[in-house]
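Colleague: Hi! Could you walk me through this one?

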Amino acid sequence: MEAAEFARHWLPFCREHNVMERSPQVYFESNYHSSSPHFEKIKIMYEDMKMKVEHVMDKGKITDEYISDEQRRQVFNKWIKGFTRLNHPTVIQVILDKKHDKDNSGRLMPNLIYVSREKNNTSPHHFKAGALNVLLRVSAVMTNAPIILTQDCDMYSNDPQTLLRILCYLSDPAIKSNLAFIQFPQRFHGLNKQDIYACEYKHHFQVNPMGFDGLKGPSYIGSGCFFHRRALFGGPSTPVPPEIPELSPDHVVSKPIQSQEILSLAHHVAGCNYENQTNWGSKSGFRYGSLVEDYNTSYRLHCEGWKSLFCNPKRAAFLGDVPITLFDVLSQNKRWCIGLFEVAFSKYNPLIFGSQYMGVLMSLAYSHYAFWPIWCIPVIFYSFLPQLALLNQFSIFPKLSEPWFFLYVFLFLGAYGQDFVEFFLAGGTVRRWWNCQRMWMIRGLSCYLFGSVEYLLKSIGISTHGFSLTSKALDDEHGKRYGRGIFEFRVPSPLFVPLTMAAIINLFSFLLGLTAFMRGNNMEGLGLQMILIGFIVLNCLPVYGAIALRNDAGK
């Protein structure tokens, strides 16, 4: 409600001053030198709105000073005693109605509708996919617009022309009949100069989607994606009709969004038991069965015959936040690993099911992600086996004088060379590429391993920790250290144990091998092992710093 009131002034200000960054926080931070009266006025209004919201959050309740009229009082009376995050009825509130509400320049405002789906302790909620399906049904009942944008809560619009760009594709008669969605790459503001945690995911969000685009199109990555509503109700030639006509993509809403009939139906379709005995999550809407609902949904849509497009304009369409501690980064990746395995080892296995419905190349592209976590196996072998062999003066690689040595060198330089060229052509830097390699090794020794183990335990019925969200909150001290490029481990965690073991063993074996070399021992057969171990030691420098050099021990 506070944001809607502020928007009555913010939207005209954006139009008048041609503001591209539609996040007030970002705009004011990047234009702090401006001193025009209009700028100062709107900034004060924003800070006042922000202070009100934070004050209410701190107190944990809304006091009478923030309830300005009877309408607001009736709204907040919906939060009755006994409400909890996991047990409460549906709440749907029309905050702005485009037919009546105007900004301070006299222009009509867009619809703004608050939706909190019903939850109780006995019904599955299906996490983000369940929330998206509720929004899909409620929006169908109230407006049924043909185009849907999904955004993570930390993303903001960085280019108001984005809608015109996607309409060019969605209106093209040559492709619109089987075009399911248009995916923009996830790009971020606030990355430190070196991107120490490799949160840019340049291969995942920019390089690989260009390859996908040459086939059936990129996968859905959870945010910055415009869907054609029809695509979420069966294949292009095999539509799946919804259980009530009001949810059909072709239904025309003729009643006002605040009419009692519309609101009653909206509450009904947002109920936690509405999906029982329906196709929701299996053949309709966003798909269930995996923590990575984005990957799973786009995979199934492509299997149904839909195509997608990758749109990567020079100016980022949307920008968002990144996790700023190593623990948060690895926790996020561990969740992805579990979700990917849930698809890989289901009846919709990309190699078997996918190749039948998408073709071999698209199947292999999806399989590349589905089996992502198994990288932990070669990473663990290369992090421990050559090192333990070196400690015993045992060679497992060819000698420098043997022809097979050059094959190993060729494979090493070829793989890393190709990776670097792709990264650099996508706008990366040498330092960020190096940090990307470091984080690949760190993930292989931590979240890939723990995600694989957790999935295995879950598969055999052993309880594991539940779903957890990735923190992207900007604590001042964490933010300052992240800005300076300091690794922030944040909390003690089992995730760091294999990584720390690898760092210590590699350092010890490297020093032992170096000592033997300086004493004149014959190290020809151990040359490749020394190169490999030295490479790992360089990548583990932040770990050594946290263990031995920093006063805060990496905390």
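This is a predicted model: local features need pLDDT of at least 70, side-chain atom pairs count only at pLDDT 80 or more; totals for chains, interfaces and linings use all residues.

Colleague: Okay, at what angle do helix 7 and helix 14 cross?

Modeller: Helix 7 (residues 202–213) and helix 14 (residues 403–425) cross at roughly 85°, and their axes come within 10 Å. Helices here are DSSP runs of H or I with at least four residues, strands are E runs of at least two, and both are numbered from the N terminus. The axes are lines fitted to C-alpha atoms, for helices over the stretch in contact, with angles from 0 to 180 degrees between N-to-C directions.

Colleague: And what do you call helix 7 and helix 14 relative to each other?

Modeller: Helix 7 and helix 14 are roughly perpendicular to each other. Angles under 35 degrees count as roughly parallel, over 145 as roughly antiparallel, 65 to 115 as roughly perpendicular, and the rest as oblique.

Colleague: Which residues of helix 7 and helix 14 meet?

Modeller: Lys-202, His-203 and Val-207 of helix 7 meet Asp-419, Glu-422 and Phe-423 of helix 14, where contact means heavy atoms within 4.5 Å. That contact of helix 7 with helix 14 has two nonpolar, one polar and three charged residues. In this scheme Ala, Val, Leu, Ile, Met, Phe, Trp, Tyr, Cys and Pro are nonpolar, Asp, Glu, Lys and Arg are charged, and the others, Gly among them, are polar.

Colleague: What about helix 9 and helix 11: at what angle do they cross?

Modeller: Helix 9 (residues 293–303) and helix 11 (residues 350–358) cross at roughly 40°, with axes that come within 8 Å. Helix 9 and helix 11 are therefore oblique to each other. The residues that meet include Tyr-295 and Tyr-299 in helix 9, and Phe-353 and Tyr-357 in helix 11. This contact of helix 9 with helix 11 has seven nonpolar, two polar and no charged residues.

Colleague: New topic! How many salt bridges are there?

Modeller: The count comes to 19 salt bridges, each a side-chain nitrogen of Lys or Arg within 4 Å of a carboxyl oxygen of Asp or Glu. One of them joins the side chains of Arg-8 and Asp-101 (3.4 Å, N to O).

Colleague: Where do Arg-8 and Asp-101 lie?

Modeller: Arg-8 lies in helix 1 (residues 2–17) and Asp-101 in the loop between strand 1 (91–96) and strand 2 (112–116), so the pair ties together parts that are 93 residues apart in sequence.

Definitions and conventions:
Residues are numbered from 1 along each chain as its sequence is written. Side-chain values use heavy atoms; hydrogens and water are left out.
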